Amino acid sequence: MSQHGNNNSLNQKISRLRLICQSLFAIFCIYVGWQFYSFYLWALDPAGNSFVPRPSAVEAFLPLGALVSLKRFLMGAEFDTIHPAGLTVFIAAILISLFFRKGFCGWICPIGFSSNLAERVGKKTGIMFALPAWIDLPLLSVKYLLLGFFAYLILWKMGLSELTDFHRSPYNLISDAKMLHFFLQPSVLAASIMLGIILFSFVIRNFWCRYLCPYGALLGLTALLSPLQIRRDPEICTSCKKCERACPASIHITRRKTVRNCECIGCLECVQACPEDECLTLATPCKKTVTPLLLPALTLGLFFLCYLIARLSGHWNSEIPVEVFQRYYQMIDKIGHP
Ligand code: SF4
Ligand code: SF4
Ligand code: SF4
């Protein structure tokens, strides 16, 4: 088989590989959620429930606490000892976006995966539609406004002592349980908002990620520095627009030679959709074409490397004894934001 033939057959596997990869992370997250719920039940009632170890990976869902910890760490404080896994995953996601686009969103994040599944259902049932540009563009700014708000509060307003006060507060200690509590017993308003977001995800492509997620906004901004880019060869391109229809981030790929866009999640769906050999490729800044599979390979490699370093250096599991978590979980209703 020719080199091109090999590349094409590799490209055809991208979608399937992504689906497998995202599914495995999603299954792992469901397992972590179940384990954390069991730990929480034990903490509330040790006599009535058997002990299940607290899964450190649950901290990956606490990005705001991780931002506080990261700033403290960069200001010379210790690496987070309360939720170290949360800080590790946060650093991994930022490093991945710095080098390999928003690979964290495209290949790892289970919420992005849920959004992709909702999109598939929406497309199959024919209820999905694209918002007109006059609504799409202002809505696109919402996640950046949310990011700006959190950045202002945490990066701009809080000095080291305020960061440390928050970090050592009971609220931060039980923020994982607070999150669980929020989903188990949402207020009417919170439940209505969540339901609205879920319903919108079936009719508007990538609704949460595209318009509302400040985490994705941060990764998108750092991804602008990423050396790996999708390149289009206008000499080969037939303007069939199959790439644009496949792109979950609704990027106008045919209007440019290089996709330098903070919405690009590095999913490579466009590369797979393109019927022309060597027309859409993954390239380095010096225009050298590399195999597209390098992006997920490096994304996952860096993610697991960060995990391994944290694990081996003792920065994955919390130093807080489970009895302390237990004591504070039992006071969950009395502990508010500092
Ligand atoms: S935008 Fe947010 S929710 Fe969506 S995939 Fe990225 S980090 Fe996950
Ligand atoms: S441009 Fe290509 S890699 Fe980027 S989000 Fe769209 S389909 Fe995925
Ligand atoms: S799918 Fe390929 S050939 Fe078609 S418009 Fe996109 S880049 Fe051009």
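Let me start with α4 and α16: α4 passes α16 in a right-handed crossing. A crossing is called right-handed if the near helix is turned clockwise from the far one by less than a right angle, and left-handed if anticlockwise. Helix α4 covers residues 84-100 and helix α16 residues 294-312, and their axes come within 9 Å and cross at roughly 150 degrees. Axes here are lines fitted to C-alpha atoms, for helices over the stretch in contact, with angles running from 0 to 180 degrees between N-to-C directions. The helices are DSSP runs (H or I, at least four residues), numbered from the N terminus. α4 and α16 are therefore roughly antiparallel to each other; over 145 degrees counts as roughly antiparallel, under 35 as roughly parallel, 65 to 115 as roughly perpendicular, and the rest as oblique.

A word on the source. This is a predicted model, in which local features need pLDDT of at least 70 and side-chain atom pairs count only at pLDDT 80 or more, while totals for chains, interfaces and linings use all residues. Residues are numbered from 1 along each chain as its sequence is written, chains are lettered from A and ligands numbered from 1 in the order in which they are written, and side-chain values use heavy atoms, leaving out hydrogens and water.

Two further helix pairs. The axes of α2 (residues 14-44) and α6 come within 9 Å, crossing at roughly 120 degrees, so this pair is oblique. α2 passes α6 in a left-handed crossing. For α3 (residues 63-74) and α8 (residues 160-167), the axes come within 10 Å and cross at roughly 135 degrees. That pair is therefore oblique, and its crossing is left-handed.

Now the ligands. What surrounds ligand 1? Its shell consists of Cys105, Cys109, Ile111, Gly112, Trp208, Cys209, Cys213 and Gly216, where a residue is near if one of its heavy atoms lies within 4 Å. α6 (110-125) and α12 (207-212) are the elements giving two or more residues to that shell. By class, the shell has six nonpolar residues, two polar and no charged. Here Ala, Val, Leu, Ile, Met, Phe, Trp, Tyr, Cys and Pro count as nonpolar, Asp, Glu, Lys and Arg as charged, and the others, Gly among them, as polar.

Around ligand 2 we find, among others, Cys247, Cys264, Cys267 and Cys270. That shell divides into ten nonpolar, one polar and one charged.

Ligand 3 is surrounded by 14 residues, the closest being Cys237, Cys240, Lys241, Cys243 and Cys274. Seven of the shell residues are nonpolar, three polar and four charged.

To finish, α7 (133-157), α12 and α14 (242-246) each supply at least two residues to the lining of the second largest pocket. Which element gives the most to that lining? α7 does, with four residues. The lining as a whole divides into eleven nonpolar, three polar and eight charged residues.
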